[in-house]
Amino acid sequence: MMSVSTLAQPFATNNEHLSLCTALAKQHGTPLLVLDLNQVRENYLQLANALPNVALHYALKPLPHIDVVHTLNELGGSFDLATNGEVDLVAQAGVAPSQVIHTHPIKRVSDIEHALSYGCTTFVFDSENELHKFVPYRDQVELLLRLSFPNKDAAADLSKKFGVIRADALPLLKRAKELGIRVRGLSFHVGSQTMDAGKYVHAIEQCKIVFEGAVAEGLGAMNTLDIGGGFPVSYSGQPIDIFEFCAPIRDALSSWPDTVQFIAEPGRFIVASAMTHVMSVMGQSKRGGTTWYYMDDGVYGAFSGRVYGEPDQRFYSLAHEDVQPCVLTGPTCDSIDVISDNCLMPALADGDLVFTENMGAYTWTTSTEFNFFAKATLISLQPSLMVAQVG
Ligand SMILES: Cc1ncc(COP(=O)(O)O)c(C=O)c1O
């Protein structure tokens, strides 16, 4: 399934954080996810600085946790919702409905009503079928039409399942007008963990053609462009300067008229680097001369991304001398439950801890409890108090 070459090396973040995670693991047990809300705040501010004219709507999908919502709400952030559960979470956190958009292109009528009852009024569509669902609510809603921009290099290509090609955009905008539904603008997602800013630039240029086409066809001027999520995180250890990464995006947006409001839906970038995972060795055996470590979390838990194309992770232990190739597996009875089949680690004893950084996105939320192995406990380090709270 995977061939991950990972080096056991000194913890990348800092030793103080490693000591804190070790102490928390002793206190709360493993598997454990330690969420640093200061880092969430820092990531948000970095992206806001890199995209100054873009309203950041945190996409709840990668980490739908109320502490993240509170932290971003305090910073004046906005939110991108896709499900009733996400609507309920922001409502519970006291987020003003004017700060949210709902971007799932396919919804049940009851989902639309649920979001409307909270006060969300901007929704996304990408088909005529979906458009018809809004006819009874046309006086209350404004829509964004999602376009598709496939990206085979992304960790998740989000244009396979959603979005229309550019040629189909104007006919759908026309249909919306006939039905009396206001389409406020366009949206897209260039794929999660997109390493090439050119993908955004291409999509922005294509959307501009549609904006201009809509005016030329007498469909009226749209006023919103939503450039989606996808902003990359450094999993390999090679730093990514997000301000530099976004330079071509800033450039591409600078040629748009002032009347257009820009939105982005970052998920991974806001939370990935804010969470550290700690797991313990449950047992071990020698198989074909290689040591296999059976950990207390795996691909049915916080490492589910191993199965669906998430980037390779690096693993750390407290010691980092005399490393040997080894296999790290999860605890379940399934053979696909292998976290890394080519990892370098010092000799570990049962009970020893293994740490993984950048575990904030698509980990806790996609964990299962297969075989009754409990999901990792999530501990938040509160920004103001820096005290641990069980989440
Ligand atoms: C519509 C939409 N917006 C935003 C996101 C967040 O993307 P990312 O985590 O890559 O920033 C996703 C992820 O699935 C998505 O589907």
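**Close-up 1. Gln-193 in the loop between β7 and α8.** Gln-193 sits in the loop that links β7 (183-187) to α8; helices (H or I, at least four residues) and strands (E, at least two) are DSSP runs, numbered from the N terminus. The phi of Gln-193 is positive, about 60°, although Gln-193 is not a glycine. Most residues other than glycine have a negative phi. Keep in mind that this is a predicted model, in which local features need pLDDT of at least 70 and side-chain atom pairs count only at pLDDT 80 or more, while totals for chains, interfaces and linings use all residues. Residues are numbered from 1 along each chain as its sequence is written, and side-chain values use heavy atoms, with hydrogens and water left out.

**Close-up 2. The cis peptide bond at Pro-31.** Here the bond to look for runs from Thr-30 to Pro-31: this peptide bond is cis, with omega near 0°. Most peptide bonds are trans. Pro-31 belongs to the loop between α1 (15-28) and β1 (32-36).

**Close-up 3. Surroundings of the ligand.** The ligand is surrounded by 15 residues, and the closest are Ser-192, Gly-230, Glu-265, Arg-268 and Tyr-362 (a residue is near a molecule if one of its heavy atoms lies within 4 Å of it). Ser-192 places a polar side-chain atom 2.4 Å from an oxygen atom of the ligand. A polar backbone atom of Gly-230 is 2.9 Å from an oxygen atom of the ligand. From the side chain of Tyr-362, an N or O atom is 2.6 Å from an oxygen atom of the ligand.

**Close-up 4. Helix α7 against helix α8.** Helix α7 (residues 169-178) packs on helix α8 (residues 198-216) at an angle of about 45°, and their axes are 10 Å apart. Axes are lines fitted to C-alpha atoms, for helices over the stretch in contact, and angles run from 0 to 180 degrees between N-to-C directions. The two helices, α7 and α8, are therefore oblique to each other (angles under 35 degrees count as roughly parallel, over 145 as roughly antiparallel, 65 to 115 as roughly perpendicular and the rest as oblique). Ala-169, Leu-170 and Leu-173 of α7 meet Val-210, Gly-213 and Ala-214 of α8, where contact means heavy atoms within 4.5 Å. By class, this contact of α7 with α8 has five nonpolar residues, one polar and no charged.

**Close-up 5. Helix α2 against helix α3.** The axes of helix α2 (residues 37-50) and helix α3 (residues 66-74) cross at roughly 45° and come within 10 Å. That makes α2 oblique to α3. On the α2 side the contact is made by Leu-37, Val-40, Arg-41 and Tyr-44, and on the α3 side by Asp-67, Val-68, Thr-71, Leu-72 and Glu-74.

**Close-up 6. Helix α4 alongside helix α5.** Helix α4 (residues 84-92) and helix α5 (residues 109-118) pack at an angle of about 10°, with axes 10 Å apart. The pair α4 and α5 is therefore roughly parallel. Asn-84, Val-87, Asp-88, Val-90 and Ala-91 of α4 make the contact with Asp-111, His-114, Ala-115 and Tyr-118 of α5.

Notes
Nonpolar A, V, L, I, M, F, W, Y, C, P; charged D, E, K, R; others polar. Polar contact = N/O pair within 3.5 Å; in protein donor to acceptor, adjacent residues only side chain to side chain.
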